[in-house]
Amino acid sequence: MNYWDCIKNNRAIQMLVVSASSDKLATTMRTSTVQIVLFGVIAGDYAIYGTMTGMTSIPTCILSMLFIGTLATSLGQRKAMLIGSWGGIIMNAALAALWFFGDPTSMNNGAGGLKWGYFAIGYIVLTIICNGFQGISGNIVIPMTADCADYEVYRTGKYVPGMMGTLFSLVDKLISSFAPLLTGVAFAAIKAKAMQ
């Protein structure tokens with residue numbers, strides 16, 4: 001049994017890799033460089049990012065635990081993964097629309113602190129919900145890898161959990177390194193455009 005045969009014929013691992021990769025890419029695109037540009041340059045005060053992160057961390061953890069426990073046990077892993085993925089896509093689109101159409105400078109009170117307003121409240125609410133959805137899809141992957149190994153036993157009669165774990169880990173590492181590359185390319189394109 002080789003990796004190519006497994007990738008080519010195991011539909012379960014194919015779908016898990018595609019789904020988990022897109023979720024991982026969306027999660028890791030929030031690099032510190034992007035946050036510096038969003039909060040330091042566009043909003044005008046990078047200290048706001050630290051305040052926002054502090055306000056969203058604990059609610060995000062609670063929401064993720066509630067979502068994972070409720071969805072995975074009542075609907076099953078596949079539906080939980082779909083809900084987490086689609087919820088993450090929708091919430092990231094809503095956050096992008098908020099930054100594009102809203103006024104991020106309204107968060108900056110000019111004295112290094114957070115100014116409450118529609119943008120700040122919208123950002124906090126959308127970030128908590130988005131991170132909750134991404135927490136579902138990010139944390140349900142490990143049990144689903146075991147399901148892919150079980151499918152491989154059904155398909156070939158060979159029990160290869162190590163192969164499934166290694167295969168998924170390889171793709172996970174590739175996607176994790178791909179996100180900063182995309183960010184770098186985007187910033188290089190912005191700089192090239194600005195220099196014209």
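## Starting at F119

F119 is found in helix α6. Keep in mind as you look around that this is a predicted model.

Is F119 buried or exposed? Its relative accessibility is 5%, and since buried means under 20%, F119 counts as buried. Setting aside neighbours within four places in sequence, F119 is in contact with L98, W99, G102, D103, P104, S106 and M107. There's also a distance you can check for yourself: F119 and T105 sit 14 residues apart along the chain, and their C-alpha atoms are separated by 8.8 Å.

## The largest nonpolar core

Now for the largest nonpolar core, which has 39 residues. Which of its residues touch the most other members? Those are M52, M107 and Y123. M107 has come up already, as one of the contacts of F119.

Which helix gives the most? That's α6, with 9 residues.

## Who Y123 meets

Y123 deserves a look of its own. Leaving out neighbours within four places in sequence, Y123 is in contact with Q35, F39, M52, L95, L98 and W99. M52 is another of the residues that touch the most other core members.

## T56 in helix α4

Over in helix α4 you'll find T56. With a relative accessibility of 5%, T56 counts as buried, because the cut-off for buried is under 20%.

What does T56 touch, once neighbours within four places in sequence are left aside? The list is I124, T127 and I128.

## Where α5 meets α7

The last stop is a pair of helices, α5 (residues 77-101) and α7 (residues 141-156). They pack at an angle of about 135°, and their axes are 11 Å apart. That angle makes α5 oblique to α7. As for handedness, α5 passes α7 in a left-handed crossing.

Which residues make the contact? On the α5 side they are Q77, R78 and M81, while α7 brings V141, P143, M144 and D147.

Notes:
Residues are numbered from 1 along each chain as its sequence is written. This is a predicted model: local features need pLDDT of at least 70, side-chain atom pairs count only at pLDDT 80 or more; totals for chains, interfaces and linings use all residues. Side-chain values use heavy atoms; hydrogens and water are left out. Axes are lines fitted to C-alpha atoms, for helices over the stretch in contact, and angles run from 0 to 180 degrees between N-to-C directions. Helices (H or I, at least four residues) and strands (E, at least two) are DSSP runs, numbered from the N terminus. Angles under 35 degrees count as roughly parallel, over 145 as roughly antiparallel, 65 to 115 as roughly perpendicular and the rest as oblique. A crossing is left-handed if the near helix is turned anticlockwise from the far one by less than a right angle, and right-handed if clockwise. Contact means heavy atoms within 4.5 Å. A nonpolar core is a set of buried Ala, Val, Leu, Ile, Met, Phe, Trp, Tyr and Cys residues joined through side-chain atoms within 4.5 Å. Buried means under 20% relative accessible area, exposed over 50%, partly exposed in between (1.4 Å probe, protein chains only).
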